[in-house]
Amino acid sequence: MNLAVREIAERASGHLGLPPQEIYPLITSPPDEGLGDYALPCFAFAQKLRRSPAEIAKELADVLRGGQHIVNAESAGPYVNITVDRAKLMQYVLSGILSGGENYGRESDGAGKTIVIDYSSPNIARPFSIAHLRSTALGNSLKRIYEHLGYRVVGVNHLGDWGVQFGTLIAAYNRWGSQERVEQDSIYELFRLYVRFNEESERDPMLKEEARAWFKRLEDGDPEALKLWKWFVDESVQAFQRYYELLGVEFTEIRGESAYRDQMAPLIEDLLQKGIAKESQGAIVIPFEEEGLTPLIIRTKDGTTVYATRDLCSAIHHYEKYGFHKKLYVVDAGQSLHFKQLALALGKLGYPWATGLVHVPFGVMLFEDQRMSTRRGHVVFLEEVLKRSIELTRSIIDTIKKSSELTEKEKEQVAQDVGVSAIVYADLSRSRTHDINFRWDEVLNFNGQSGPYVQYTHARLAGVLRKYGKSIPSELTYSLLSHPQEISLAKCLEEFPMKVKHAAEEYEPFVVAGYLGNLAASVNQFYDNCRVLGEEPSLEEARIALVYSAKIVLKKGLELLGMKAPERM
RNA sequence: GCGCCCGUAGCUCAGUGGAUUAGAGCGCUGGCCUCCGGAGCCAGAGGUCGCAGGUUCAAGUCCUGCCGGGCGUACCA
């Protein structure tokens, strides 16, 4: 908390006889910067003290005016608008960032706590579509955000490498596949086989029976089925690694559903014995009559398991292994019911930690206003999007004068860093719950508050610092930083730690993404109004410190989103 | 039918722990490079916050009903 805000809370507290902790959260900003730096609405006090808010505001203005960090306080109806000592504010913000450096805003909230995040978790034999980016980007960013807040974070890729879909794949391969074609075009060929099987099985329902039979054989340990399964998994994982490298996404643990094969039968036994699960219509289910939910199927009438069975096992496994404080499932909103049932089932098993399971849902990705369907081919592949974004970035680089300083190799690297980040930012700059309609012209527009805009702003500041060439001065005359753009930039920088915490609380990287867009805008306004290099030395030094501080926050913010922060572009 | 999510500017969206005049980007119109990077900056036009009630001194925000869209709702994940 900055000193001025603390002083406002304390002085108001002294006058009103209310604890400062009750006042602090009420302090906001006035609608117009011209009115002051902070505002204190008095409605809550009025209710408690049974007096008119305007009257209280008037008194508080008088009380606050005497503060050390406060240069003016005016009542405006039920509000007190407060102007603080800008030099002190500037000193507070900049010295905090300069001394913290890369660790600015780092918190110890999460000390001693572990968070497991299940994200990306793609299904084998399906190339990533742009829709797969959502879970991957959200989870990756949440991982970074929680790490920044001091949590130990375990990133889990719960691969969809088990289930009846493998029966489908094996049956399809046996009918139409060839080793040669799969080796040549790996995941895309597997995908074609999968699609063809689904199409043909609509005309011929017997095919579905064939697929189920193959999955049954797989679960029973049939060597032929296992061999093919292993091969398909390996081919797919290789392709996934390509995406993850490009996106800069890493996992602590890549552990597919198949890892829980041996734990499922004992778990089902246990659930039956405890009377939590029961047989119904040939299947084994966990009923939720009291909760008013449909039952959760954990074993089909064929005797095979389903993903819910494996999710139960994985939750238990992760708790036993990591003792998590929370486990986040970054999975689309369509699976809400499933996760509700999952947590309830584990609660019935007597696990108190079941309350720590959190479904972090997100809306679906549409393409041309329609739901993407990998089966029907109405789909945009992630590789295609990244490729086009990188190409576009490359062509823009070639039109920019400043970029001629880059070597050919550097240009390629920048094109990749910026092109990929543009796609990530486009995804993370909207709140999770909305459906997103994918449109090429929107994703590939790098004007305005886009990923490249934030990166460009960072590179601009990097350019100034490079040209400055000296180390960042430590003795500064903060009072020289009094331009309105300097003040609003400093205030914006001060918000960063709060925004990161907020993002973590809401599981919303979007909060950071939106903040970064605003910060970049503030930086560019400053840049346009305030020259840095060549100014009178003490002013130049002060502005350099501001530039450096802004660069640190931009870079950190980009990292929290899983984006790159190139020094030149 | 029931449950969850969504409905704010032409488009994409913030704002939904009530509170000073509802914000941003795109697109459109018009300005700004002798000056640290124009992927930039400035200005303008553009709104019955889905509809109707209710609670409140105060509602885009809370409650109820309705309309429109999406998803889920027992053997897919």
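Analyst: Start with helix α17, residues 451-468. It has 18 residues and reaches 26 Å from its first C-alpha to its last, close to the 26 Å expected at 1.5 Å a residue. That expected span is 1.5 Å times one less than the number of residues. Helices here are DSSP runs of H or I with at least four residues, strands are E runs of at least two, and both are numbered from the N terminus.

User: What kind of model is this, and how is it numbered?

Analyst: This is a predicted model, in which local features need pLDDT of at least 70 and side-chain atom pairs count only at pLDDT 80 or more, while totals for chains, interfaces and linings use all residues. Residues are numbered from 1 along each chain as its sequence is written, chains are lettered from A and ligands numbered from 1 in the order in which they are written, and side-chain values use heavy atoms, with hydrogens and water left out.

User: Why is α17 called largely enclosed?

Analyst: Because 14 of its 18 residues are buried, α17 is largely enclosed by the rest of the structure. Buried means under 20% relative accessible area, exposed means over 50%, and partly exposed is in between, with a 1.4 Å probe and protein chains only.

User: What follows α17?

Analyst: Gly 469, whose phi is positive, near 75°.

User: Which residues have a positive phi without being a glycine?

Analyst: Arg 50 is one, at about 55°, and Ala 125 is another, at about 70°. Most residues other than glycine have a negative phi.

User: Where are they, and is each buried or exposed?

Analyst: Arg 50 is in the loop between α3 (43-49) and α4 (53-65), and at 77% relative accessibility it counts as exposed. Ala 125 sits in the loop between β4 (114-118) and α6 (132-148), and at 1% it counts as buried.

User: Back to helices. What does Glu 486 touch?

Analyst: Glu 486 belongs to helix α18, residues 484-506, and is buried at 0% relative accessibility. Leaving aside neighbours within four places in sequence, its contacts (heavy atoms within 4.5 Å) include Met 90, Phe 526, Cys 530 and Arg 543.

User: Where is Thr 304?

Analyst: Thr 304 is in the loop between β9 (293-299) and α12 (307-322). It is buried, with a relative accessible area of 5%.

User: Now the whole chain. How many helices and strands?

Analyst: Chain A has 20 helices and 14 strands. Its C-alpha trace spans about 85 × 65 × 40 Å along the principal axes. Buried residues make up 53% of its 569 residues.

User: Which domains does chain A have?

Analyst: Domain 1 is 3-84, domain 2 is 117-257 + 307-371, and domain 3 is 395-431 + 439-560. The bounds come from an automatic or database domain assignment. The C-alpha centres of domain 1 and domain 2 lie 53 Å apart.
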